[in-house]
Amino acid sequence: MIHALQRSAFFHGPLRRIQQTLPEKPIFPVTEPLRNYLKTHGREVKLPVSYRDLLQHITYSVPLKDKHDRDTLWETALYDMRHWDYIREGLVQMYAILKTEGDLTFTKHLDVARIDFCSFANSCPFRIRIVNKFNDNYDHYYIKQADASRIYGLELEHLLSPNRITYFTWHNTLVEEHIPGIPGDLFIKNFLDDPQTNKIRLSKEFVKFNERCFVRLLGDMRSYNFVVDITPDIEDYQYRIRAIDFDQQSYEGRKNLYIPQFFKENRALVDLSLKHLNKESIEQYQTEERTMMAFRVASSRFRLMELLNIMSRDAISTPDKLLQLRSELGDYFKSPAFHKCRSMGQLVKRQLKQTLQKI
């Protein structure tokens with residue numbers, strides 16, 4: 001379905017920026033059907049260290065500053081030596097599970113350089129920095145509380161986006177790979193006006209990212225919740241915007257919270273797109289993205305249907321948010337089918353059918 005567009009309306013209706021801070025979202029438990037799904041598809045793996053181990057053994061922490069001596073909202077966690085050897089060894093092994101399917105051959109020259117903790121985010125994540133002792137090269141990964149919303153978001157990203165995600169669960173612990181790229185807020189601040197930035201290609205990618213989020217109902221994609229990945233190409237650069245935070249998968253009740261264009265933090269990208277793209281180009285890029293999503297649905301239809309059936313029976317939001325979202329989507333698409341949905345999972349399934357069925 002191609003939406004009618006106006007220069008002042010941008011992609012999905014009148015531009016009303018979302019300025020309020022979203023309330024903290026609760027952690028939803030992983031149900032037995034979802035756990036069985038994770039086991040079936042190799043996502044549930046026995047892990048040597050749990051989220052609880054890292055949290056309960058912190059001795060103290062110090063604020064982490066960036067290279068300009070500004071607060072990053074992260075804290076470096078420090079541990080007593082009684083627990084450190086166990087934690088350090090487990091974290092190195094966990095990195096091997098993420099990167100080499102548990103092959104410990106190369107772990108002898110790896111070490112834990114730093115453990116950072118962020119209490120600002122919903123999932124209160126730990127960020128682990130692993131360093132190669134031979135050349136000082138480092139990499140990161142994250143350990144978080146296992147939240148059903150986030151897991152559904154990760155799986156839908158893996159199945160429906162152009163990106164692949166490596167993550168594992170074990171009981172109440174979730175381990176995610178680091179997604180490389182320039183954080184969206186820093187890109188807007190430091191690179192958006194750079195003469196080397198191809199603003200037309202960047203605008204095209206923002207339109208596609210906007211569409212992907214709305215089709216699969218991934219919310220809260222403010223600039224600091226996605227990264228911009230830049231790839232040198234023939235005579236220029238290609239861009240891909242990748243979500244890095246999946247807490248708000250099908251949780252909020254307002255339709256516009258699933259459309260990145262409506263967040264004030266993304267206004268610079270909206271203005272850029274309106275400046276460089278006309279109505280026909282925007283419609284073309286929207287259709288291109290929905291076509292690719294339809295191909296991905298077809299290629300992973302059995303696994304996707306299994307996931308959506310589990311999600312449809314799960315409670316990952318509140319009744320009032322469910323009622324609000326189904327009402328707003330039903331009115332937006334002028335489709336009574338949305339009003340029959342009894343869960344957020346059913347809304348995602350209905351949304352996919354609504355937006356992809358004509359492709």
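Trainee: What should I know before I start clicking around?

Mentor: This is a predicted model, where local features need pLDDT of at least 70, side-chain atom pairs count only at pLDDT 80 or more, and totals for chains, interfaces and linings use all residues. Residues are numbered from 1 along each chain as its sequence is written, and side-chain values use heavy atoms, with hydrogens and water left out.

Trainee: OK, how many helices and strands does the protein chain have?

Mentor: There are eleven helices and ten strands. Those are DSSP runs numbered from the N terminus, with helices (H or I) of at least four residues and strands (E) of at least two.

Trainee: And how far does the C-alpha trace span along its principal axes?

Mentor: About 65 × 50 × 35 Å. The radius of gyration is 21 Å, which agrees with the value near 21 Å for a compact globule of 359 residues. That radius is taken over C-alpha atoms, and the globule rule is 2.2 Å times the number of residues to the power 0.38.

Trainee: What percentage of the residues is buried?

Mentor: Buried residues are 53% of the 359 in the protein chain. Buried means under 20% relative accessible area, exposed means over 50%, and partly exposed is in between (1.4 Å probe, protein chains only).

Trainee: What about the area that the chain exposes?

Mentor: It comes to about 16900 Å², with carbon and sulfur atoms supplying 51%. Accessible areas come from the Shrake-Rupley method with a 1.4 Å probe, and for residues only the protein chains shown count as cover.

Trainee: Changing topic: which residues have the most contacts inside the largest nonpolar core?

Mentor: They are Leu34, Tyr152, Leu156, Leu202, Leu329, Leu347 and Leu352, in a core of 62 residues. Helix H4 (residues 148-160) gives the largest share of this core, seven residues. A nonpolar core here is a set of buried Ala, Val, Leu, Ile, Met, Phe, Trp, Tyr and Cys residues joined through side-chain atoms within 4.5 Å. There is also a second, separate core of 25 residues, and Leu47, Tyr51, Met94 and Tyr141 are among them.

Trainee: What do nonpolar side chains tend to do in general?

Mentor: In soluble globular proteins, they tend to be buried together.

Trainee: Let's zoom in on Tyr152. Buried or exposed?

Mentor: Tyr152 counts as buried because its relative accessible area is 0%. You'll find Tyr152 in helix H4. Beyond its neighbours within four places in sequence, Tyr152 is in contact with Leu34, Gln249, Leu307, Ile310, Met311, Asp314 and Ile316. Contact means heavy atoms within 4.5 Å.

Trainee: And what is Leu352 in contact with?

Mentor: With Leu160, Val215, Leu304, Leu308 and Gln357, if you leave aside neighbours within four places in sequence.

Trainee: Where's Ile97, and what does Ile97 touch?

Mentor: Ile97 sits in helix H3 (residues 81-100). Not counting residues up to four places away in sequence, Ile97 touches Val45, Lys46, Leu47, Pro48, Gly102 and Phe168. Ile97 and Val45 are 52 residues apart along the chain, while their C-alpha atoms are separated by 8.7 Å. Ile97 counts as buried because its relative accessibility is 14%.

Trainee: Tyr79 next. Where is Tyr79?

Mentor: Tyr79 belongs to strand E2 (residues 71-79). Its relative accessible area is 11%, so Tyr79 is buried. Leaving aside neighbours within four places in sequence, its contacts include Leu54, His57, Trp84 and Phe126. Gln238, 159 residues from Tyr79 in sequence, is 43 Å away in space, C-alpha to C-alpha.

Trainee: Which residues other than glycine have a positive phi?

Mentor: Two to look at are His171, with phi near 55°, and Ser250, with phi of about 55°. His171 is in the loop between strand E6 (167-170) and strand E7 (173-177), and Ser250 is in the loop between strand E10 (236-243) and helix H7 (267-276).

Trainee: Why does His171 count as partly exposed?

Mentor: Because its relative accessibility is 45%. Ser250 is buried, with a relative accessible area of 0%.

Trainee: Last one: is Asp320 buried or exposed?

Mentor: Asp320 counts as exposed because its relative accessibility is 52%. Asp320 lies in helix H10 (residues 319-333).
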